[in-house]
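Here is a briefing on one protein model and some of its residues. Look at the structure first, then read the points by topic.

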Amino acid sequence: MVSFDEVMNIISVNKKVFTPNLTSKLSFEIAIKKIKNNSKVLDLGCGSGIIAIGVLKNKKNVKLYCSDSSDYACRLTERNFKNNILTAEIKKGNLFSPWRNKKFDYIINDVSGISRLIAKKSPWFNSFVPCQTGNDGTKLTLRIINQCKKFLSSNGTLQLPLISLSNKNRIIDEAKKNFEKVKIQSTNDWFLPKNMEKYNMYLDKIKSKGYIDFSRKFDRIVCNTSILTCTKIKK
Ligand SMILES: C[S@@+](CC[C@H](N)C(=O)[O-])C[C@H]1O[C@@H](n2cnc3c(N)ncnc32)[C@H](O)[C@@H]1O
């Protein structure tokens, strides 16, 4: 198996594009476990192309499609594919807009999915990386769950991250409304970066509004990320 760290070593990143983080790694790990050979896979919110390249390095005969609303991200994905002598169809556009009339066997959604209030204060997002996710972080994910049905083949799977810096319950409820089978494939706890702890009171305030959730341990803030798969679209 080619590991996430090995894929990190063969791609370039830059400050105008999202730098792969734990959510990228967890998404990659479930994707390579679940994706079958010979399938058509969409990496939605591809950033640097890390997940798509990781999938191609580990799977045979998979056809990759990548898109992102950021021009910087699409150009970097193109470059990373080219440098590794790999191919994919790479398109710029909002959510599914580049993929009219296309069907995929597996959609890896990794479009921005944390509260926009947190994104602004975090090390992960900057003015180049869009995070128009609403106060509770669910705006884009809820749209993806609703719109993906047109783009999934009949036995297709939608994979998405559930990050506690968003309203996870809203996402799970929407997934269950739209799919017969909704399964948490992995869950990992992680500490919020130390340099965000200065926002302690603000974090408590938005937690009390139900926008985000976290706990405290050893004086640190603990968040978590799960990876969800959704199959069997409800008629
Ligand atoms: C959390 S980053 C993940 C990037 C990459 N998958 C990774 O793991 O490094 C989210 C990505 O979603 C993209 N994005 C944000 N809003 C979007 C939208 N409305 N449509 C498509 N992509 C979007 C951002 O540009 C960013 O590259």
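Helices (H or I, at least four residues) and strands (E, at least two) are DSSP runs, numbered from the N terminus. Asn83, for example, is found in helix 4, which covers residues 71-83. The model is a predicted one: local features need pLDDT of at least 70, side-chain atom pairs count only at pLDDT 80 or more, and totals for chains, interfaces and linings use all residues. Residues are numbered from 1 along each chain as its sequence is written.

**Burial and exposure**

- A residue is buried if 20 or more other C-beta atoms lie within 10 Å of its own, exposed if 12 or fewer, and partly exposed in between, with C-beta atoms placed from the backbone.
- Asn83 is exposed because 12 other C-beta atoms lie within 10 Å.
- Asn83 and Ile10 are 73 residues apart in sequence, and their C-alpha atoms are 8.5 Å apart in space.
- Ile172 belongs to helix 7 and counts as partly exposed, because it has 16 C-beta neighbours inside 10 Å.
- From Ile172 to Thr87 there are 85 residues in sequence and 34 Å in space, C-alpha to C-alpha.
- Asn21 lies in the loop between helix 1 (4-10) and helix 2, and it is partly exposed, with 15 other C-beta atoms within 10 Å.
- Asn21 and Phe125 are 104 residues apart in sequence and 11 Å apart in space, C-alpha to C-alpha.

**A buried residue in a strand**

- Gln159 is found in strand 5, residues 152-163.
- Gln159 has 23 other C-beta atoms within 10 Å, so it is buried.
- Two residues are in contact if their C-beta atoms, placed from the backbone, lie within 7 Å.
- Neighbours within four places in sequence left aside, the contacts of Gln159 are Ser27, Ile30, Ala31, Tyr106, Ile107, Ile108, Asn109, Ile227 and Thr229.
- Gln159 and Lys34 are 9.5 Å apart in space, C-alpha to C-alpha, and 125 residues apart in sequence.

**The largest nonpolar core**

- A nonpolar core is a set of buried Ala, Val, Leu, Ile, Met, Phe, Trp, Tyr and Cys residues joined through C-beta atoms within 7 Å.
- The largest such core has 60 residues, and those with the most contacts inside it are Val41, Ala52, Val55, Leu64 and Ile107.
- Helix 3 (residues 50-58) gives the largest share of this core, six residues.
- Val55 is in contact with Ala31, Ile32, Ile35, Val41, Val62 and Leu64, leaving aside its neighbours within four places in sequence.
- In soluble globular proteins, nonpolar side chains tend to be buried together.

**Two helices side by side**

- Axes are lines fitted to C-alpha atoms, for helices over the stretch in contact, and angles run from 0 to 180 degrees between N-to-C directions.
- The axes of helix 6 (residues 139-147) and helix 7 (residues 168-178) come within 10 Å and cross at roughly 5°.
- Helix 6 is therefore roughly parallel to helix 7, a term for angles under 35 degrees.
- Thr141, Leu142, Ile145 and Asn146 in helix 6 meet Arg170, Ile171, Glu174, Ala175 and Asn178 in helix 7.

- Most residues other than glycine have a negative phi, and most peptide bonds are trans.
- Asn38 is not a glycine, yet it has a positive phi of about 65°.
- Asn38 sits in the loop between helix 2 (22-34) and strand 1 (40-44), and it is exposed, with 11 other C-beta atoms within 10 Å.
- Asn61, also not a glycine, has a positive phi of about 55°.
- Asn61 is in the loop between helix 3 and strand 2 (63-68), and it counts as exposed because it has 8 C-beta neighbours inside 10 Å.

How values were computed
Angles under 35 degrees count as roughly parallel, over 145 as roughly antiparallel, 65 to 115 as roughly perpendicular and the rest as oblique.
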